[in-house]
Amino acid sequence: MSESTRRRRTIARHGQLRSPGPVSQLLKFIAIGLAVVLVSGVGVAAYIAYDFSSTVAANAVDLDGQEAVPPNIGEYEGGFNMVLAGVDTCEEKYASLFGERCSGSDSEGSLNDVNLLVHVSEEPRRITVVSFPRDLMIPIPECTDDEGNVHSAMSKQPLNVAYSDGGLNCVVQTISQLSGQEVQFAASVTFGGVIEITNAIGGVDVCLANPIRDRYTGLDMSAGTHTVEGLQALQFLRTRHGVGDGSDLGRIGNQQQYMSSLARKLISGEVLGNVPVMLKLANTALSNLEASTSLANNPMTIVQIALAVKEVPFEDIVFVQYPTGADYADPNKVVPNTEAATALWDAIEANAQLQITHENTSNDGVVVEEPAAPTEEVTPDPTATPENVVALPNTIKGNSAAQQTCSNGNVR
């Protein structure tokens with residue numbers, strides 16, 4: 001395995017939805033929170049290549065220790081990694097929507113409240129999206145911000161201070177150090193970016209097992225299926241008090257429901273077959289992202305990433321929470337569960353098909369629904385043998401895009 005992707009050694013299936021078949025159009029995965037894959041045909045790919053340099057490259061971020069990006073991402077042995085961060089920047093256009101967050105005592109600075117590591121394996125392609133809790137107490141390494149200022153290392157801080165300390169580069173370095181994964185690509189998106197991107201895609205369907213009324217975010221939704229977009233989509237992604245036990249861990253489960261539904265929609269003909277929607281989505285996403293130079297310097301890299309993931313079956317698109325334990329120094333924080341995390345990284349490095357064994361409880365942000373049986377026969381994955389299927393420890397929460405989950409809502 002090459003040095004560019006080698007991991008540093010420092011440290012029950014439920015109801016299934018039908019997996020997608022071969023897709024003729026181009027799929028571009030972008031996440032918010034949240035992970036999103038943008039898709040397009042050849043015409044849209046050409047548009048992306050033309051527009052990318054003017055909308056993203058000007059604000060590109062250098063990653064410390066970044067090696068030269070090869071001409072073809074297929075040269076990454078073992079696959080490649082992308083960090084996606086959602087930051088709570090109070091942009092003037094949207095500040096009035098967020099009350100005290102953008103007008104009170106904590107309105108200064110930006111925190112990386114959503115932190116995703118997206119791993120795309122080598123053949124057979126699998127996508128694993130690891131969500132890291134914002135309140136995870138870990139070391140923050142020495143970081144260089146986008147103005148060239150060096151920020152000293154810190155021995156134990158919550159993950160969500162990394163962006164305010166050293167920008168996107170610091171988020172990447174922190175997650176890379178914690179996970180032992182080399183990160184080739186990165187991007188961040190703001191509150192406003194989430195609003196604009198969900199509007200461009202025409203909303204995302206979400207399921208609520210119980211009503212959600214959260215006075216902190218202003219979210220008020222009845223049980224059932226809803227299409228959320230714009231501000232309501234952001235409120236849904238931000239709600240913590242409205243799901244599960246009211247913790248950030250419950251919120252992550254809720255966000256993963258959103259991302260699963262988003263992945264299914266983007267792969268479907270509803271989005272893939274609609275070129276005007278794809279043009280709008282591509283332009284909106286590119287206008288609302290801060291990207292690493294490894295993405296911004298060559299727009300064809302995004303095209304290659306899209307091609308690499310466009311036919312991954314739903315059961316091999318897996319969303320997991322980084323495993324944690326209680327921080328006895330602060331009941332509002334968590335610390336890494338290194339034993340379970342090692343099992344996760346080992347399974348990812350082995351390119352195994354991941355199976356979630358955690359059984360959701362009333363404390364979790366979602367419950368698993370049993371969908372109706374597919375009307376067409378599902379072709380089994382020929383690579384899914386007992387030798388490369390790994391049941392993750394039950395301390396690791398998550399779901400695949402093949403599972404239908406619903407928000408475990410409450411009223412607070």
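**Sheet, helix packing and local backbone features**

Strand 5 (residues 127-131) and strand 16 (residues 317-321) pair in the parallel sense over 5 bridges; strands count as paired if DSSP finds at least two bridges between them. Helices (H or I, at least four residues) and strands (E, at least two) are DSSP runs, numbered from the N terminus. The model is predicted: local features need pLDDT of at least 70, side-chain atom pairs count only at pLDDT 80 or more, and totals for chains, interfaces and linings use all residues. Residues are numbered from 1 along each chain as its sequence is written, and side-chain values use heavy atoms, with hydrogens and water left out.

An open sheet of 7 strands has the order 15-10-3-4-5-16-22, and its pairing is mixed. Its edges are strand 15 (289-291) and strand 22 (398-400), each of which pairs on one side only. On average, neighbouring strands of this sheet are turned by 15° against each other, direction ignored. Helix 2 (residues 162-179) packs on the sheet and touches strand 3 (80-87), strand 4 (112-120), strand 10 (185-190) and strand 15, where contact means heavy atoms within 4.5 Å. The direction of helix 2 makes about 40° with that of strand 4; axes are lines fitted to C-alpha atoms, for helices over the stretch in contact, and angles run from 0 to 180 degrees between N-to-C directions. Helix 10 (residues 338-349) lies across strand 4, strand 5 and strand 16, and runs at about 160° to strand 5.

Helix 3 (residues 191-201) packs against helix 4 (residues 230-238) at an angle of about 125°, with the axes 8 Å apart. The two helices are therefore oblique to each other (under 35 degrees counts as roughly parallel, over 145 as roughly antiparallel, 65 to 115 as roughly perpendicular and the rest as oblique). In this contact, Phe 191, Val 194, Ile 195, Thr 198 and Asn 199 of helix 3 meet Gly 230, Leu 231, Ala 233, Leu 234, Leu 237 and Arg 238 of helix 4. These residues divide into 7 nonpolar, 3 polar and 1 charged (Ala, Val, Leu, Ile, Met, Phe, Trp, Tyr, Cys and Pro count as nonpolar, Asp, Glu, Lys and Arg as charged, and the others, Gly among them, as polar).

The structure holds 2 disulfides, defined as pairs of cysteine sulfur atoms within 2.5 Å. One of them joins Cys 143 to Cys 170, with an S to S distance of 2.3 Å. This pair links distant parts of the chain, 27 residues apart, with Cys 143 in strand 7 (residues 143-144) and Cys 170 in helix 2. The link is right-handed, with 65° about the S-S bond.

Glu 123 and Pro 124 are joined by a cis peptide bond, with omega about -5°. Pro 124 lies in the loop between strand 4 and strand 5. Asn 351, in the loop between helix 10 and strand 19 (353-355), has a positive phi, near 55°.
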